[in-house]
Amino acid sequence: MTEKRFQESYENRISISIPTNDDPTLVICAKCQSKAVVTLHNDEARLTCPICGYNLAKTAEEKTFYWDAENPTDSYFGVNLWLQTDCVGESLWVFNKRHLEYLENFVSVKHRQCNPNNETWTNSSLASRLPKWLKSAKNRTHILKGIEVLKSKYNDA
Ligand SMILES: [Zn+2]
């Protein structure tokens, strides 16, 4: 059996929070509490709820970077993230699909390796900024369960 290794990505806390064409940030609609999306088109950020039609837009330059572990929100509108769940008394949350995949990869592999271009993870790397409870081996099983919860929420209508 070959062991999977964790390869640090080039994502950092800012890049991972930015929606891409096929990977929007999932948020809770402020109006109807359904799953809504934040997308980015050229220089415009847009929040759209497919259920109630709630719609907000602003220029992407007005990005406000939120990284509140207790109350995580998207980076443009400060709206609560859809992909959140309680895990070992903490809040497990992600912005989007690639963030979810990143965490799953990070938590599930035993041997983590550094970015080959660096001796150690840089302070700006995502892995270096993850909270201790997420890195703790004793929490691994619980966190993987939490990630499964987030995956099913991702697929919720
Ligand atoms: Zn709505």
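These legends describe close-up views of a predicted model. Local features need pLDDT of at least 70, side-chain atom pairs count only at pLDDT 80 or more, and totals for chains, interfaces and linings use all residues. Residues are numbered from 1 along each chain as its sequence is written.

**View 1. An open sheet of 4 strands.** The order is β2-β3-β4-β5, and the pairing is antiparallel. Strands are DSSP runs (E, at least two residues), numbered from the N terminus. Two strands pair if DSSP finds at least two bridges between them. β2 (25-28) and β5 (55-59) are the edge strands, each pairing on one side only. On average, neighbouring strands are turned by 25° against each other, direction ignored. That angle is taken between axes, which are lines fitted to C-alpha atoms.

**View 2. Strands β2 and β3 side by side.** β3 covers residues 35-41. It runs antiparallel to β2, joined by 4 bridges. Ile 28 stands opposite Lys 35 in β3.

**View 3. Cys 52 in the loop between β4 (44-48) and β5.** Cys 52 counts as partly exposed because it has 13 C-beta neighbours inside 10 Å. The cut-offs are 20 or more for buried and 12 or fewer for exposed, with partly exposed in between; C-beta atoms are placed from the backbone. Beyond four places in sequence, Cys 52 touches Cys 29, Lys 31, Cys 32 and Ser 34. Contact means C-beta atoms within 7 Å.

**View 4. Gly 146 in helix α4 (residues 140-155).** Helices are DSSP runs too (H or I, at least four residues). Gly 146 counts as buried because it has 23 C-beta neighbours inside 10 Å. Asp 86 is 60 residues away in sequence, yet 7.4 Å away in space, C-alpha to C-alpha.

How values were computed. Axes fitted to C-alpha atoms, helices over the stretch in contact; angles between N-to-C directions. Contact = placed C-beta atoms within 7 Å.
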